[in-house]
Amino acid sequence: MNKRIFKNNLYALKLMWRISKKYTLHMLLVRFLGYFEWLFYSAFFMRYVINAMEEGQTFERIMIFLGITVLVFGAMTLYNSYIEQSFLPTEKVKISDKLSRILIEKNRRVDIACFEDSDFYDKYTLAMENADVRLCETINEIWGIICGAIAAIFSFIYMYKIDKMIGLFVLFPIVGNFFFGNFLSKIEFNRNKDMAIHNRRILYINRVMYMKEYSKELRLTKVFAMIKKHYNEAITGISDVTNNYSVKGAIFHWLKCMFTFCIIFEGSFLYGAYRALVIKTMPLAVLAVVTSMMVASSWILIYFAEAIANSLKYGLFVDNLRGFLEHEPSIPEDYDGVDPGDTIEKIEFRNVSFSYKDKEIIHNMSLEIRGGQTYALVGHNGAGKSTIIKLLMRFYDPTEGEIYLNGKNVKEYNLKKYRQLFATAFQEQQIFAMSVRDNVLMRRTTEADDEIVINALSLAGVYDKIKTLKRGINTMLTKEFDNDGAVLSGGEFQKIVVARAFVRDTPAKIFDEPSSALDPISENQLFKNIMSNGSGKTMLFISHRLSSVQNADWVFMLEQGKVIEQGTHKMLMDNQGTYADMYEKQAINYLALSEDDYRNKKDDIGNNNVAKKIDNGLEGGVNHE
């Protein structure tokens, strides 16, 4: 553990040296001068002045010494003022900027899988939170430990040379800070740990009370009384925990203060006074130095102990920061492989399996996607549909098996160029606090892009809404940075995400549940536009609504990570397997019929457009058999 802490502190120093050499050196000098000032006044200044007066030195000589001292420490004060008022305010901004750039750049190169790993993600968020402030504090405490240790050793040696017994008094603050202080820290740690559950409950209740998402329920129900009950229980819990630790904490706090302050101050003073006044073996100048040095030594050891405690506290942050920055991605974002070109002839999954945290999601899957055709992945939730897309996009690599593009393993291609073959609209994609135009193009834009943005929004079925906004496609989305920003409905946001795929001219387009938040009429029109816009392109889409996949050239039916059926819509309906069963159940629910009514009236509703699609399917398609 100690070795790990040492390495983490060394890592923090190297990182700060890389970011700001000036800050690293200035903080070392500030700490050094602080301890030097204490020791100079306590050990040298007091002794010189008193000796000079006892020895009858001239007033001029004493004043020259005082004048030099004032000039030196005046310069030190001026330097400290410069550091506090000028250097730190500007340099900390630079440190924050440089560290943020390092973290953001690393974030861009970290595997997608890391963000789905809760352990890694927790460490990442801890590393990112106030990273600049914590790194600066870590460096300050490192210099505090080093300079404090040197100052403490000097104090002990100086006092020991004056009087061996006096030197031993310096050991009492060590016992107070590191022995009793350690027990007190453990008590505080356990107390805070026991309070954590109650504090979390209070924070949750406070959050619920001011968040708009909960405002309706708070006013329409009697849930407030229940929340108030939980709040009172949390307050009582904190009070009980405090009482449980109060006596033990008070005892160890008293012992720490006694050993850190009282024994060394009163004890050393009484011992020195006895030698100076009773047995007259210590000059008054030495007694003054001893008294002053004891005060300085106590505070040096206190700050030294605090620096160690803070260093341990910041150790978790440094450990998380180091772990994040030293993480080596399994799929490097900057991998420079073969240029994949700009055409897709064939994509193949060959005996692909994929496991996540020892749970197999895809099992020995083989499928083929031919360029220029339209494919649908269907199946129940958890069947592995989205995972196939993530594997295809190389967010993950297969645990077993290989994926090929145009006869070459996708791992051999330049990763950025390979991904640029695909325009994607994922179900979980996010809207950014930027303009509508920026959210569609997802790159730097100009007015020349307006036409293609409007066309993409029209195909997605949301432009009629966007043009009613005050600034049209220049309207900011969300109110994160603009109080006049637009907050659209879930379906409208989803259409903007789909527009991102429409706006890009790529050989392949992928749509993952593009209509999950849409009504049936909007869904029908969206899929018509997807099909017309994708003419001549390789199209792959996921949909749990089977009515939307009828026009696909080929359908893969998935279950538990396997392809259990594949074919055209008509072929799968004729097979009367899992696909047909799911399709008919969805149709029955849509038409609000019972299964018996559906079977009995099947011929009667055959004239209905929906029923025609159910029973007739689409002739032709790509023959994969």
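Q: Which backbone oxygen does the side chain of K509 reach?
A: Keep in mind that this is a predicted model. K509 is found in strand β7, which covers residues 508-512. At 3.4 Å, its side chain reaches the backbone oxygen of F502.

Q: How far from K509 is the nearest side chain of opposite charge?
A: K509 is buried, yet it has no salt bridge. A salt bridge needs a side-chain nitrogen of Lys or Arg within 4 Å of a carboxyl oxygen of Asp or Glu. For K509, the nearest side chain of opposite charge is D505, and the distance is 6.2 Å.

Q: Is R500 buried or exposed?
A: R500 sits in helix α17, residues 490-503. Buried means under 20% relative accessible area. The relative accessible area of R500 is 5%, so R500 counts as buried.

Q: Why does G74 count as partly exposed?
A: G74 belongs to helix α3, residues 59-109. Partly exposed is the range between buried, under 20%, and exposed, over 50%. G74 falls in that range because its relative accessibility is 34%.

Q: What distance separates the C-alpha atoms of G74 and Y160?
A: Along the chain, G74 and Y160 are 86 residues apart.

Note on methods
Residues numbered from 1 in each chain as written. Predicted model: local features only at pLDDT ≥ 70, side-chain atom pairs only at ≥ 80, totals over all residues. Heavy atoms only, no water. Helix = DSSP H or I, 4+ residues; strand = E, 2+ residues; numbered from the N terminus. Buried < 20%, exposed > 50% of the residue type's maximum accessible area, 1.4 Å probe, protein only. Lys, Arg positive; Asp, Glu negative; His and termini not counted. Polar contact = N/O pair within 3.5 Å; in protein donor to acceptor, adjacent residues only side chain to side chain.
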